[in-house]
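Please read these points with the model open beside you.

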Amino acid sequence: MEKDFDELTIADDYMFYRVMEDTDICKTLLNRVLQGKVETITDIELQKTIDDAGRAKGVRFDVWAKDCSGRIYDIEMQALDKKDLAKRIRYYQAAIDVSLLGKSKPYESLPDTFILFFCTFDYLKKALPVYTFKTMCSEDNLIKLDDGITKIIINSQAAAYEKNEELKVFLEYMNGKVNSDDEFIQKLEHRIKEVKANEELRREYMLVNTIERDARNDGWKAGVAHGLAEGKSLGLAEGKSLGLAEGKSLGLAEGEIRGSRQAKVETAKNLLQFGLSIENIAQATGLSKAEVEAL
């Protein structure tokens, strides 16, 4: 979120989900990865948040899509390797299932799900352009557990090795190659120009940028304060060192829980006065629609 709005490309999180809200673009990209298996996209939600599972960590998906057969697609753009992708995918799948299965519903009602991470780095370091994972039997890999789960990691750095020409040009596009005769790439470029020409989206991006920056600052301050207090109470140099270290490492989390949440609430209140929609305010601040409505 540090880039200027006019510098954003398809590989930037905000631009990616704003482009993917077009159902035709979303379907075309999914079919380039899944080789034409995706039917009509009936529903798309941007920055869908799942944060009502008690004390569990909340999740926010870039693009949440559903097709006419009920299959669910979580589509993410990842430009920074945080070394946690495998466990993140595991948690995302759990969050999806919990959000879809009501208390009275049978397990069989869970739809097939696809989690796709488009990465500008090779997370698994094997130089494959696409890594697809399904649940297989270790004793006989011809036996598949039909749990309906497909997890896919796309690696744009291996674009040269992709045999599917349509997917290859998109991976090259992720890497910055914008000049292409491919009709889909041209459509993406057109959509990006539309987004950049939209002043409301420009303001939204700047607002989200500010909120993210404030969250980091609030988190750091809360972390340092926590560390100093703990060090002082212990009265030992070791305690101070431990407290400061904990404060730094836990700063962002505490900032999100305390300082940044209050900042988001205040920002949402201000935006309500300007007449922005509940949905736009929720997307801009990271609050749920219910939280915004309660204000």
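1. A salt bridge is a side-chain nitrogen of Lys or Arg within 4 Å of a carboxyl oxygen of Asp or Glu. By this rule the structure has 14 salt bridges. Arg-18, Glu-21, Arg-191, Glu-194 and Glu-204 are linked by such bridges into a network.

2. A word on the source. This is a predicted model, in which local features need pLDDT of at least 70 and side-chain atom pairs count only at pLDDT 80 or more, while totals for chains, interfaces and linings use all residues. Residues are numbered from 1 along each chain as its sequence is written, and side-chain values use heavy atoms, with hydrogens and water left out.

3. Helices (H or I, at least four residues) and strands (E, at least two) are DSSP runs, numbered from the N terminus. An α-helix has 3.6 residues a turn, so residues three or four places apart point the same way.

4. Burial is judged by relative accessible area: buried is under 20%, exposed is over 50%, and partly exposed is in between (1.4 Å probe, protein chains only). Arg-191 is buried at 16%, whereas Glu-194 is partly exposed at 38%.

5. Asp-12 meets Lys-3 at 3.1 Å, N to O; Asp-12 is buried at 14% and Lys-3 is partly exposed at 35%. Arg-71 meets Asp-67 at 2.9 Å, N to O, and both of these residues are buried.

6. Which residues of H3 are buried? They are Leu-85, Arg-88, Ile-89, Tyr-92, Gln-93, Ala-95 and Ile-96. Seen down the axis of H3, the buried residues fall within an arc of 165°, so they line one face of the helix; the arc is that of the directions from the helix axis to the C-beta atoms. Lys-87, Arg-90 and Val-98 are exposed on the other side of H3.

7. Finally, the cysteines. A disulfide is a pair of cysteine sulfur atoms within 2.5 Å, and the count by this rule is zero. Cys-26 is buried, at 0% relative accessibility, while Cys-137 is partly exposed, at 23%.
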